[in-house]
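Dear colleague,

Please find below the structure that I am handing over to you. My notes on it follow.

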Amino acid sequence: MTETVEEKLSIRTEKVEKSRLPEVDFENLPFGRVFSDHMFVADYKDNGWHDLRVVPYANISFSPAMSTLHYAQSIFEGMKAYKRADGGVYLFRPDENFNRMNISANRMCMPEIREEVFMDGLKELIKLDQGWVPGQEGSTLYIRPFMFAADDFIGVRPSDTYKFMIFTCPVASYYAEPVRVRIETDYTRAAKGGVGYAKTAGNYAASLYAARNAQKDGYHQVIWTDGAEHKYIEESGTMNLFFKIDGTLVTAALGDSVLNGITRKSIIQLAKDFGQPVEERRISVEEIDKALKEGRVEEAFGAGTAAVVSSIKTVGHQGTDYDLPPMVEGTFAYKVKETLHNIRMGKVEDKHQWMVKVN
Ligand SMILES: *Cc1c(COP(=O)(O)O)cnc(C)c1O
C-alpha cells in the first residue's frame with residue numbers, strides 16, 4: 001500500500017483585540033449583514049493547502065485581474081451552528097457540506113479541500129466565536145464556507161491558486177412567510193450537462209432575472225423546470241421542492257440540474273422514519289397542473305438550510321393561481337420542520353447521528 005505523505009497542517013489563530021459582540025442586538029438581527037469576530041482562511045498554491053489561519057474578520061484585497069471576478073470559479077456552502085440550552089454548540093451533518101463542496105470543486109476544476117482543512121478550520125472558528133451562536137429560540141449562526149480562484153490572470157483556464165474561507169453570521173429565527181411561486185417555463189436555471197448540481201456562484205446570478213420578473217407579477221419566486229423542454233419540475237428558487245399529492249410526498253430526482261440539498265435528504269429520511277410514503281422521481285408540470293386543478297395537492301414547500309421549510313401558499317401556472325392549504329399543525333411540513341428543530345436542539349433522539357458537537 002502506498003501512502004501519500006502530506007504536510008501536517010496546523011491552524012494558527014490571531015484573535016481580535018476587542019470583540020464586537022457587545023454591539024450586536026441579538027433581538028433584531030438582519031439576515032447576512034452582521035459578521036462575527038473571526039474568519040478562517042487557507043491558501044492553495046503549489047498543489048497544496050497552506051497557511052491555515054483563524055484571523056479577525058476583515059476586508060481582503062486583490063488584483064482587478066483576479067480570475068474569479070471574470071470567470072466565476074467560485075463555490076460555496078451554507079450551514080448552521082445551533083446552541084442548546086446547556087450551552088453546547090452543534091453542527092448539522094457537516095460531513096455532507098464537506099462532501100458537496102468537493103463535488104462542486106471537481107465540477108469547476110478547482111482543487112479538493114482536504115477534510116482536515118474544512119473540518120478543523122470550521123470547528124476552530126466556531127469554537128472561538130461560540131459566543132456569537134445565538135441562544136434565542138430559533139436563532140442560529142449561519143456559516144458560509146467558500147472557495148474562489150485567486151490567480152491574477154485573465155486568460156481562460158483553471159486558476160493555479162485559490163482561497164478557501166469561512167465566515168459566520170448570527171441570524172434570527174427565520175420566520176418564512178408562506179410564499180407565492182410561479183412555474184417558470186421561459187428561463188432556465190440549470191441544463192443537462194451544466195453546473196446546476198454544483199453550488200457555484202454563476203447559478204445564482206443566472207437565476208435573478210427570472211425571479212425578478214416573477215416578483216414584478218406579484219410572486220416571490222419561480223419553480224424551475226428542466227432546461228430542455230420546461231416540462232419537468234426541478235426546484236424552487238434556491239430550495240429543493242416537495243409536494244404532497246394524494247398522501248404521497250414527491251420531490252424531483254437528483255441529476256445534474258438539481259442541487260443535492262442536505263435538508264432535502266434529511267426530510268426524505270424523516271419521511272421514511274414517520275412511515276410517510278415518499279418518492280424521488282420525475283414530476284411533470286402536467287401532473288402538477290392536473291393535481292392543482294383537482295385540488296389534490298395537499299402541501300407544497302421548499303426545503304433548504306436558510307428557512308428549513310418554506311411553505312408555498314400559491315402556485316401560479318399559465319395565468320391561474322392555485323391556493324394551497326396553510327402549513328398548520330398536523331401537516332407533514334409542520335411536523336418535519338419541528339422534528340428537525342428538535343433534533344438540532346437535542347430535544348429528541350438523534351437516531352441518525354446527524355449532530356456534531358463543536359465546543
Ligand atoms: C443550497 C441549495 C439548496 C438547498 O440545500 P441545503 O443543503 O438543504 O441547504 C437547494 N437548491 C439550491 C439551488 C441550492 O443552492
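Is Lys199 buried or exposed? In this predicted model, Lys199 is buried, its relative accessible area being 13%. The residue sits in the loop that runs between β9 and α4 (201–216). An unreviewed UniProt entry carries the annotation "modified residue: N6-(pyridoxal phosphate)lysine" for Lys199. When neighbours within four places in sequence are set aside, the contacts of Lys199 are Ser74, Ile75, Phe76, Glu77, Gly78, Arg100, Ser104, Tyr204 and Leu259.

I turn next to the salt bridges. The whole structure contains 26 of them.

Asp321 and Arg180 are joined through their side chains, with an N to O distance of 3.1 Å. This pair connects distant parts of the chain, since Asp321 belongs to strand β17 (residues 320–323) and Arg180 to strand β9 (residues 179–183), 141 residues apart. Both residues are partly exposed: Asp321 has a relative accessible area of 34%, and Arg180 has one of 21%.

Lys244 and Glu298 form another salt bridge, in which the closest N and O atoms are 3.5 Å apart. Here too distant parts of the chain are linked, with Lys244 in strand β12 (residues 239–245) and Glu298 in strand β15 (residues 297–304), 54 residues apart. Lys244 counts as buried at 14% relative accessibility, whereas Glu298, at 31%, counts as partly exposed.

Asp51 is partly exposed, with a relative accessible area of 39%, while Arg53 is buried, with a value of 12%. Asp51 and Arg53 also belong to a network of salt bridges that includes Arg12, Asp43 and Lys163.

As regards the surface, Ile60, Phe62 and Leu69 make up a nonpolar patch of about 280 Å². Ile60 is placed in the loop between β3 (48–56) and α1 (67–71). Its relative accessibility is 36%, so Ile60 counts as partly exposed.

Which residues of α7 are buried? They are Phe332, Ala333, Val336, Thr339, Leu340, Asn342, Ile343 and Arg344. In an α-helix there are 3.6 residues a turn, so residues three or four places apart point the same way. Following α7 comes Gly346, which has a positive phi, near 75°.

Finally, Arg282 occupies the loop between β14 (278–281) and α6 (285–293). At 59% relative accessibility, Arg282 counts as exposed. Apart from neighbours within four places in sequence, Arg282 is in contact with Tyr232 and Glu287.

With kind regards

Conventions:
Residues are numbered from 1 along each chain as its sequence is written. This is a predicted model: local features need pLDDT of at least 70, side-chain atom pairs count only at pLDDT 80 or more; totals for chains, interfaces and linings use all residues. Side-chain values use heavy atoms; hydrogens and water are left out. A salt bridge is a side-chain nitrogen of Lys or Arg within 4 Å of a carboxyl oxygen of Asp or Glu. Buried means under 20% relative accessible area, exposed over 50%, partly exposed in between (1.4 Å probe, protein chains only). Helices (H or I, at least four residues) and strands (E, at least two) are DSSP runs, numbered from the N terminus. Patches are made of residues with over 30% relative accessible area and no salt bridge: like charges are joined within 9 Å, nonpolar side chains (Val, Leu, Ile, Met, Phe, Trp, Tyr) within 5 Å. Accessible areas come from the Shrake-Rupley method with a 1.4 Å probe; for residues, only the protein chains shown count as cover. UniProt positions are given in the numbering used here, feature names are shortened, and annotations may be inferred rather than shown by experiment. Contact means heavy atoms within 4.5 Å.
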